2 protein chains.
Amino acid sequence: MDTFFHPASIAVVGASDRRGGYQIIKNLLYGYGGAIYPVNPFHTEIQGIPCFSYIEDIPCDVDMAIIFVPAALVPSALEGCARKGVSRVMIQSAGFAEVGDEGKTIQDRCMVIAKESGIRIWGPNCMGLVDVPRRHFFTFMSPRIYEDGLIPGRISLIAQSGMLSAAFLADLMSRKTIGIGKVCSIGNKADLDECDLLEYLLEDTETDVVALYLESTSRGRLFAKIAAGATKPIVVLKGGRSKKGARAAMSHTSSLSGNSRLLDGVLQMSGVILANDFHQMIDLARTLAMIPDVTPACRVAILTFSGGAGILSCDLLEKHGFNITQLSESTKRALGGIFPDWMPVANPVDLYPAMELQGRVSAYDKAISIVLEDPNVDVLLVHYVEGLADEILDLNALKKKTDSAGKAVLFWLIGRRESTRLFRCEAQRCGIPVYGEIFRAVECLSAAGRFQRREGVEDIIDGNTVPLSEYSQKEFAFRSTGERIWDEYDSKRLLAEWHIPVVEDKLVDTLSEAEKVAGDIGFPVVLKGLIPGQVHKTESGLVHLGIATRMELKDTYQKIQKKLEGRGRILIQRQVETDYELIVGFIRDDQFGPCIMFGLGGVLSEFQPDVVFALAPLKESEALELISSIRGSRLLQGFRGMAPLKREFVAQILVNLGNLGTAYSQIQQVDINPVVVNAGFPLAVDAAIILKSVKLRHENKFHA
Amino acid sequence: MDTFFHPASIAVVGASDRRGGYQIIKNLLYGYGGAIYPVNPFHTEIQGIPCFSYIEDIPCDVDMAIIFVPAALVPSALEGCARKGVSRVMIQSAGFAEVGDEGKTIQDRCMVIAKESGIRIWGPNCMGLVDVPRRHFFTFMSPRIYEDGLIPGRISLIAQSGMLSAAFLADLMSRKTIGIGKVCSIGNKADLDECDLLEYLLEDTETDVVALYLESTSRGRLFAKIAAGATKPIVVLKGGRSKKGARAAMSHTSSLSGNSRLLDGVLQMSGVILANDFHQMIDLARTLAMIPDVTPACRVAILTFSGGAGILSCDLLEKHGFNITQLSESTKRALGGIFPDWMPVANPVDLYPAMELQGRVSAYDKAISIVLEDPNVDVLLVHYVEGLADEILDLNALKKKTDSAGKAVLFWLIGRRESTRLFRCEAQRCGIPVYGEIFRAVECLSAAGRFQRREGVEDIIDGNTVPLSEYSQKEFAFRSTGERIWDEYDSKRLLAEWHIPVVEDKLVDTLSEAEKVAGDIGFPVVLKGLIPGQVHKTESGLVHLGIATRMELKDTYQKIQKKLEGRGRILIQRQVETDYELIVGFIRDDQFGPCIMFGLGGVLSEFQPDVVFALAPLKESEALELISSIRGSRLLQGFRGMAPLKREFVAQILVNLGNLGTAYSQIQQVDINPVVVNAGFPLAVDAAIILKSVKLRHENKFHA
């Protein structure tokens, strides 16, 4: 991988005297110090550099080739590289898998050539690589990007979309308010993908934060595992969430877009910060690079020029769970010294009266110093206006004060355009994050609070916690009923074997048998008709709850028997008292492999789904974390006088289900819906196991 | 009011040769054409204008005075104005109610003087008034605000916070990407408030959109009524939502901050667009000024330079309920003509391959023209990069094309800083909205979709729908039990009289009576102990549901009897079958007066409250609109095979409760919780009526 980033020599196949073919050479000449070999049979020299007709004509070793010829010509260019012994090739041309079957065929052909000759491919359909600190522009993008100058930094980007990475880089560089390290445009990812690059950048000593824009995650499980083991913050912006979006993703990058809730859930459990727009992604990355070590419980003080903006900041901070601190008495006394007598001092601190008295910069300087010393303050949010006066706040000194106090400071800045730009540039140099909108400052602080710096994990590869041999595939096949969708009874039997608590029930063949069982388990009972292969029992009128008498039982039995028309079987079940319902599931996802789902069920889930996902199998500690990560988590502490959920019992269900699902590779999905909670104890009341089929492979939806 | 905006002469009491007192005169000289009279006993002239010692010394009529002297001197300055016969005074000094009791006393004194002399007051503690098109700066803010030049426009602002309006105006003016009409900084609103100014600006022929930043709404009900009658879009950013925020509001603007859910709900029902940050407020206003007539169901097409950004836009648009349109076949054919052959065309349209073929601007020009002609397209979202090439898109021609097609176009723009600024300025001139972030473009489009241009309503004053005489205060007093909190039984009797359906129940004095009633209404039954003045029956163990047998009834009766300890009474009630629960309430709010609340109840509300508010009394059509406006509205269509809600029955409950609560001014709150829904029919199962008390007046919380 290092060769792509630091090649000693580069051949440019498709170098020319105009457009992209011209720009690649121009960009290389800007800062790249190695040997450059243009290749084009119609030129003898390009921009003063001798040009070769074929790559094999180059008399020296070539570390890397950039190919920029029409797609149809790329396979033969690649063969040339193979003959020349070039082991790293960036294909920057478009017209491959992203445009349909024809392009896909060309791309496949390229991959065959690459595999045979041991070439690693970057692209195709990409903008290549930019290394800002080294001024390496291995790309055909417009040289205007660096005309405004470059601000090197320690945030690196991986972007699937080429044009976007170019436009975005130009946007960021011209503002000079963020420092960038490496920008990797990875396009169709025919060979190298985001996992390879993420691993590289996580090891890269010049990168502190990695931000990724992804349209697909072809190796989602590996990505999640790499992220879970990362010691640097990772920010991901993922396109292709919506239905329509997913369709567009298919036509654009020829890759399927996963179930977004699963993807979001798994990534979040892996410690990834999720973004939802481009500049927000950069603001998140910038924040994590500058203030990576705040906690979600940090206590925030606000210095403002406007009481109103202070109030609004409180609103937003509290919405994100932050603690608007009470200033200590000594802080209030000290602040009192710079305020007019009539002004009561409290957090948020409205500095305006002090500014009138002390002058603007002096008031800020003094107030910031005082508040930073307050033991009740962890983070200081400063509201500032620039451009209405001449004095300048000494940001360098401010940053030093902040660091020596072991605290974090961030700015909301408004004011005249040119003045605010200069302020932002200076703040960027000093490492102080500045935001143009309050909500953005707060959401970035919140992301920084969520980021937990980890030690890194030992093994990226799955350590399966189940002794697979115990449950041989043969045994499983033997158990199978032949149906792809197991009925409730069979499903729950298997769950019970894996120590998942299921409700007491019994199959019955006759009414008198049903009456006997009802007598044994006690009224009220539940009667269900099970039809092979059918999951929607309730909608089919095959589920009858709360049967209170023998008479009712008889009626219902006959009703179900009639509906069954000789198929299926009848199940009688204890009626369970229910405080509320949960849903637990297993899904074998195309990209993420075995995953566990947990969430609120029943009526609670009708409002809006509240489910979370994690890779399976999971440890008990991971299961407990998963349980706590639903939005409605506080409901699990009990509401309306109900007992708190016995989380360790639910965690055991998640662990056991994860083991079960992972153990049997034939299982596509398991639904346990509902898991009823009564007096805090969970109990599986209905379940369905669904085996894999060819048809199901691309239809990763839960059947409720 | 017009005198404040167009005075023929202005006296400046507190004009001086430095700071604010200097700046007021300098600002007036910038563009104000009327007579200017500085007043200050220590100067004979200021900036070349003769200065008077006292306002009474001015030999001519004075239309308006601006007072800018320390707070303690303001009352005597005001008396001078009274003697001089000045009828309009802007007090721009600070140090009044916003700083505590002492300042409040001064402010009260000023109001007494004003009332006695018929003076209308603007402020105090404000920045005054700016009229950008007229270059009127009636303010002490820094002249730097207009140093970058002014962009006149038709968006007017009302801001409670003074410094913020100055800083913000400087910010907006220096960017030159928005045109502003009037900016009114209203400060403490001792006399003139947001209602007065909103009414004025809604009539102002130079204003198309009004944006307000408010920290309090002292006449909320009137504000909501004015908004409901407005024919122009109104955007409101409200500070002081959170608990801490509300506390800060008290110390800052000496006004209480209302229950934010009620405020948000009532304003939204009045057609107000709510903002949550400063720049967002402006973006919303800008959008509504430029594209006010889109619908929530509009069909959107996307032109992009990056498939990835197109996908992300789809995601965001779909999240806001927009329809990503299918392009017509003829559009696809026409677009095919500018694309390379290999490129399939669909919405979002990834223009990059066409740009390679046609050149950037030509590709955009052609594609925009083609898509605007598509009958399936209402709104076009264009992604654009500026600064990587020299050609310029003709925005003026584009806007003409858009208008003649009767459609709307908006841009997401990234690129090099200076180039994007020029683009934005040009777009502003042409009336095309441009955004720096996709989510912002989408949320603004969504707001524009929500805005319904109305005809205006006839009467701003409450048209009470109840013949009040029917229910005399005397009769009510007679009914009253003497308790401030009526028990469930009494409460429901009153509701029943107002035709609100309540569950069948009966008070019982003895166990045998209870047994008889249970026999009549049939098991299972509910038994409740009612204690005078107590609302939390369930938590006190006084509610027992599902009593199935005489034996159980006896046990429970004795249990409750023991708990009551001789107080209160026992109520027996039919056990109601429940599909789900609603909550309905009435509240007499300090700022908004009688209001109705409607929302999801029971377990559905545990997850996160989903309640909406409207002014009471309401018409049936308003009640139906309120019912539809909860977030979980689709649940009311029925879920899990349940019948759809009979909305007209619920609407009747809301109308009747509104009439009841409005009729009896003694009533502070009514809770009907729950309203049980079974087979679509609503039934009040528990209720509490709470009368006013001194203590309750500032504690507008519902007791669940």
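## A cis proline in chain A

Pro617(A) sits in the loop between strand S27 (611-615) and helix H23 (620-628) of chain A. Helices (H or I, at least four residues) and strands (E, at least two) are DSSP runs, numbered from the N terminus. The peptide bond from Ala616(A) to Pro617(A) is cis, and its omega is near -5°.

This is a predicted model, in which local features need pLDDT of at least 70 and side-chain atom pairs count only at pLDDT 80 or more, while totals for chains, interfaces and linings use all residues. Residues are numbered from 1 along each chain as its sequence is written, chains are lettered from A and ligands numbered from 1 in the order in which they are written, and side-chain values use heavy atoms, with hydrogens and water left out.

## Backbone features in the loops

In chain B, a cis peptide bond joins Gly123(B) and Pro124(B), with omega about -5°. Pro124(B) belongs to the loop between strand S7 (120-122) and strand S8 (128-131) of chain B.

Most residues other than glycine have a negative phi, and most peptide bonds are trans. Arg135(A), in the loop between strand S8 (128-131) and strand S9 (136-138) of chain A, has a positive phi near 60°. Arg135(B) has a positive phi of about 55°. Arg135(A) counts as partly exposed because its relative accessibility is 38%; buried means under 20% relative accessible area, exposed over 50%, and partly exposed in between (1.4 Å probe, protein chains only). Arg135(B), at 39%, also counts as partly exposed.

## A buried aspartate

Asp171(A) lies in helix H5 (residues 162-175) of chain A. With a relative accessibility of 1%, Asp171(A) counts as buried. Leaving aside residues up to four places away in sequence, Asp171(A) touches His279(A), Ile414(B), Gly415(B) and Arg416(B); contact means heavy atoms within 4.5 Å.

## A parallel sheet in chain A

An open sheet of 5 strands in chain A has the order S2-S1-S5-S6-S7, with parallel pairing. Its edge strands are S2 (35-39) and S7 (120-122), each pairing on one side only. Two strands pair if DSSP finds at least two bridges between them. Strand S5 (residues 64-67) and strand S6 (residues 88-91) of chain A pair over 4 bridges. In this pair, Ala65(A) stands opposite Val89(A).
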